[in-house]
Amino acid sequence: MYKLILLRHGESVWNSENRFTGWMDVDLSPKGEKEAEMAGTLLKRYNILYDLCYTSFLKRAIKTQFIVAEKVDRLWIPVVKSWRLNERHYGALQGLNKKETALEYGDEQVKTWRRSFDVRPPQISLEDPRFPGFDPRYAQLDTAILPQGESLEDTVARVLPYWQVEIAPQIAERKTVLIAAHGNSLRALIMHLEELSPEKIIGVEIPTGTPLIYELDKQLKPVTHYYLE
Ligand SMILES: O=C(O)[C@@H](CO)OP(=O)(O)O
């Protein structure tokens with residue numbers, strides 16, 4: 001059996017303030033740090049050791065995996081970072097309070113922006129300071145591929161090639177992989193792993209800082225999955 005650990009970062013400061021976050025590089029809240037520690041404690045308790053870690057370019061995920069690695073005393077494990085594991089880019093919604101946005105645009109509209117498969121949030125312009133082209137961490141990338149606001153479908157389109165080309169071959173070599181990422185980049189991956197329809201993925205929510213274990217067969221199809229608690 002092949003094992004994969006999916007871990008959404010611990011609660012961020014903007015999670016606690018109920019703000020759309022996306023590619024904004026928001027730190028963990030004190031509660032989020034505790035959640036990350038707990039995730040490490042659980043992996044240790046169940047003796048689920050990993051050989052390789054993938055994370056995003058965003059500090060809430062990077063710090064989460066670091067705290068976990070410290071807890072399981074595996075700070076030496078290789079960590080590979082990729083922008084492709086970043087959270088879904090929330091466009092012009094980034095920074096707004098979700099409740100206030102619902103009061104202004106209605107619950108249905110906000111639900112559509114948050115959970116529909118193919119509806120993009122309002123886009124940011126190329127001049128907007130939130131455009132990733134201004135951020136040195138994306139300087140190596142062609143600006144044409146940098147998002148101005150993504151749907152889940154767009155997120156799947158950038159996460160999936162990374163899974164197929166980089167991560168899946170490592171698992172096939174019997175490495176246990178930890179992916180420390182984000183609510184929607186992990187939903188994108190789960191949608192692929194479980195072959196979920198756009199209707200089915202709407203109902204999938206991933207809690208912060210809780211290890212989700214997938215046991216996979218030789219074809220890397222899920223046999224079972226469960227959260228550690
Ligand atoms: O704000 C965000 O970036 C995400 C994750 O916190 O929010 P949502 O769950 O609404 O997609």
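Helices (H or I, at least four residues) and strands (E, at least two) are taken as DSSP runs, numbered from the N terminus. With that settled, I opened the notebook at a loop: Glu 195 sits between α7 and α8.

**Ground rules**

I am working on a predicted model, where local features need pLDDT of at least 70, side-chain atom pairs count only at pLDDT 80 or more, and totals for chains, interfaces and linings use all residues. Residues are numbered from 1 along each chain as its sequence is written.

**Entry 1: positive phi**

I looked up the backbone of Glu 195 and found a positive phi of about 50 degrees, although this residue is not a glycine. Is Glu 195 buried or exposed? Glu 195 is exposed, because 9 other C-beta atoms lie within 10 Å. My scale here: a residue is buried if 20 or more other C-beta atoms lie within 10 Å of its own, exposed if 12 or fewer, and partly exposed in between, with C-beta atoms placed from the backbone.

Next I checked Leu 220, in the loop between β5 (212–216) and β6 (222–227). Its phi is near 60 degrees, again positive in a residue other than glycine. Leu 220 has 17 C-beta neighbours inside 10 Å, so I logged Leu 220 as partly exposed.

**Entry 2: helix α6**

That took me to α6 itself, residues 152–172.

**Entry 3: helix pairs**

Two packed helices are described by the angle between their axes and the distance between the axes. For the numbers below, axes are lines fitted to C-alpha atoms, for helices over the stretch in contact, and angles run from 0 to 180 degrees between N-to-C directions. Angles under 35 degrees count as roughly parallel, over 145 as roughly antiparallel, 65 to 115 as roughly perpendicular and the rest as oblique.

I started with α6 and α7, whose axes come within 9 Å and cross at roughly 70 degrees. The pair is therefore roughly perpendicular. On the α6 side, the contact residues are Leu 152, Thr 155, Val 156, Val 159, Leu 160 and Trp 163, while α7 brings Asn 184, Ser 185, Arg 187, Ala 188, Leu 189, Met 191 and His 192. I sorted this contact by class and got 8 nonpolar, 4 polar and 1 charged residues. (Contact: C-beta atoms, placed from the backbone, within 7 Å. Classes: Ala, Val, Leu, Ile, Met, Phe, Trp, Tyr, Cys and Pro are nonpolar, Asp, Glu, Lys and Arg charged, and the others, Gly among them, polar.)

Then I took α2 (residues 30–45) with α3 (residues 59–71): the axes come within 8 Å and cross at roughly 40 degrees. These two are therefore oblique to each other. Their contact divides into 5 nonpolar, 4 polar and 6 charged residues.

Last pair: α4 (residues 98–105) and α5 (residues 107–115) have axes that come within 7 Å and cross at roughly 125 degrees. I noted α4 and α5 as oblique, therefore, as well. Here Lys 98, Thr 101, Ala 102 and Tyr 105 in α4 meet Asp 107, Gln 109 and Val 110 in α5.

**Entry 4: single residues**

In helix α1 (residues 13–16) I looked up Val 13 and Trp 14. Val 13 counts as partly exposed with 16 C-beta neighbours inside 10 Å, whereas Trp 14 counts as buried with 20. What does Trp 14 touch, not counting residues up to four places away in sequence? I listed Arg 19, Thr 21, Met 24 and Val 26. With the same exclusion of residues up to four places away, Val 13 touches Val 26, Asp 27 and Ser 29.

I finished on Ile 48, in the loop between α2 and β2. Ile 48 is partly exposed, with 16 other C-beta atoms within 10 Å. Leaving out residues up to four places away in sequence, Ile 48 touches Ile 5, Leu 43 and Ile 213. The C-alpha atoms of Ile 48 and Ile 5 are separated by 8.8 Å, with the two residues 43 apart along the chain.

Key: Bend = angle between axes of the 7 residues up to and from the residue. Contact = placed C-beta atoms within 7 Å.
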